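Open the model in your viewer and keep the sequence panel beside it. The stops below are meant to be selected in order.

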Amino acid sequence: MRTRLISVRFGPLLSGLLLALATTVLVAAPQASAATGVAAVGEALKQGPVYVAPGAEAQLSAAQADALTKKIEDAGKPVFVAVLPATAEFPADKVLGAVRAETGITGLYAIRLGDGFNAGADKAVMPANAVRNLTEAVKTGTPVDANTQLNNFVDQALTQVDGGAPASWGTTGADEGVPVGGLVALGAVAVVGGGGAYALVRRNRKKKEEARREAIARLGVVVDEDITAFGEELERLDFHPGEPGADDAMRRDYEQGLDSYDRAKQIMASVQRPDEVKGATQALEDGRFALATLDARRQGKPLPERRAPCFFDPRHGPSTQDASWAPAGGAARTVPVCTADAVRLRDGLDPAVRTVETDHGPRPYYDAGPAYGPWAGGYFGGGILPGLLVGTVLGSMMSSPAYAADYGGGMGSGFEGGDVSGADFNPSDFGGGDFGGGGFDGGGGFDGGGGF
């Protein structure tokens with residue numbers, strides 16, 4: 001019945017080709033299913049996000065595996081999970097990288113091996129520090145059941161991982177056990193060669209492109225507001241290079257401010273990736289410090305110390321002091337603040353926090369999610385902001401000091417999450433050299449409660 005439907009839709013010539021290909025697939029299928037060890041894991045994960053190997057069924061039931069699969073597929077993220085028995089077939093010091101090589105798909109990989117656990121990710125998908133932190137967070141000193149551990153890991157990972165689900169997960173199994181999507185893909189490859197491979201990933205690339213444009217548009221609104229505010233500061237300063245009392249130092253400060261204003265506009269006019277926005281906000285921060293220095297020179301005051309901008313809103317300018325502050329429901333921490341916000345906090349009032357638009361309405365930027373990471377990264381730099389944001393939404397999603405550069409990652413390698421890169425990947429980029437979990441040290445065992 002399935003072959004007759006194809007004949008009606010595609011015509012007799014293509015139908016014959018597909019039927020021949022179907023026969024080839026059916027003949028080859030027993031060989032594919034005969035794969036064992038790491039090869040079997042790789043083949044299975046190409047078709048779906050969760051694989052439970054023979055001998056490990058007691059760790060994760062079919063119902064639990066199905067529920068975990070649905071969670072990952074619904075999120076549309078390149079997260080792969082394998083539950084394997086602790087046998088010689090899966091050597092602890094090699095299994096994670098070997099599975100990645102066999103699967104050939106850029107993504108985040110989590111493996112439960114016996115009672116142990118570890119994970120690794122391509123740098124384009126998640127920074128090595130983030131993988132380590134997530135991995136350690138789900139490890140305990142005593143054995144924990146696989147379902148609890150894997151769901152805890154996946155729940156946290158899905159909010160942070162970049163990229164989309166691989167196109168191969170979109171196949172639909174036919175009644176006879178032949179993947180219809182794979183059959184059509186084979187036909188496409190036979191008819192148009194390399195064009196068929198592109199067709200398999202076209203849907204994911206389209207989604208990524210839409211997400212890229214949306215992120216740039218959302219960031220553009222915020223940065224344009226900042227550029228406008230900075231332009232207004234230049235006007236209020238009302239400095240003229242030839243005015244009485246102006247000296248070369250003042251003129252250099254003013255020129256620095258003008259250059260920063262122009263540079264921010266130029267960057268936003270040509271930005272192609274979300275992480276490039278960081279350059280614009282960094283330019284604005286340099287410009288604000290230059291104006292603060294110019295103002296001090298004109299008034300005969302001591303020159304300001306170069307400090308981070310006001311945490312609550314970088315448009316307030318360079319901070320003047322540090323103050324204790326706690327986000328809603330979070331622990332107190334020390335943040336750099338401007339003089340006005342320092343007074344508000346001292347008087348028990350709320351600081352003047354920068355809000356941005358989200359799908360749920362205006363929110364403080366630090367509770368608006370990772371989309372605003374590049375914007376914040378240019379103002380605060382990679383080494384300061386994550387610590388300030390512990391306990392906030394943005395902070396929980398930016399686990400690496402390079403969070404701003406890693407947002408929308410994959411630009412350097414050419415492969416993004418869910419892309420097929422084959423075994424040609426740099427092991428040092430897969431979780432930072434130790435597969436991101438910290439569990440392949442010494443004897444190479446995972447220390448997730450019993451080791452391998």
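**Whole chain**

Start with everything displayed; this is a predicted model. The chain has 452 residues, and 46% of them count as buried. Colour by secondary structure to see 17 helices and eight strands. Among contacts with a separation of 6 or more, 68% are between residues 24 or more positions apart.

**Helix α13**

Select residues 373-380, which make up helix α13. This helix is mostly covered, since eight of its eight residues are buried. Step through G373, P374, W375, A376, G377, G378, Y379 and F380 to see the buried residues of α13. Then select G381, which follows the helix and has a positive phi, near 80 degrees.

Is A368 buried or exposed? A368 has a relative accessible area of 18%, so it counts as buried, the cut-off being under 20%. The C-alpha atoms of A368 and V356 lie 7.2 Å apart, while the two residues are twelve apart in sequence.

**Aromatic rings**

Now show the side chains of the aromatic residues; the structure holds 15 aromatic pairs. Select F311 and F312, an edge-to-face pair with 5.4 Å centre to centre and 75 degrees between the planes. F311 is buried at 0% relative accessibility, and F312 is also buried, with a relative accessible area of 0%.

Next, select W325 and Y366, which form an edge-to-face pair at 5.3 Å centre to centre, with 65 degrees between the planes. Which parts of the chain does this pair tie together? W325 lies in strand β5 (residues 321-325) and Y366 in the loop between β8 and α13, so the pair links parts that are 41 residues apart in sequence. W325 counts as buried at 9% relative accessibility, and Y366 counts as buried at 6%.

To finish, select F311, F312, W325, Y365, Y366, W375, Y379 and F380 together: ring pairs link these residues into a cluster. Among its members, W375, Y379 and F380 are also buried residues of α13.

Terms used: Residues are numbered from 1 along each chain as its sequence is written. This is a predicted model: local features need pLDDT of at least 70, side-chain atom pairs count only at pLDDT 80 or more; totals for chains, interfaces and linings use all residues. Side-chain values use heavy atoms; hydrogens and water are left out. Helices (H or I, at least four residues) and strands (E, at least two) are DSSP runs, numbered from the N terminus. Buried means under 20% relative accessible area, exposed over 50%, partly exposed in between (1.4 Å probe, protein chains only). Contact means heavy atoms within 4.5 Å. Rings of Phe, Tyr and Trp (its six-membered ring) pair if their centres lie within 6.5 Å; planes under 30 degrees apart count as stacked, over 60 as edge-to-face and the rest as tilted.
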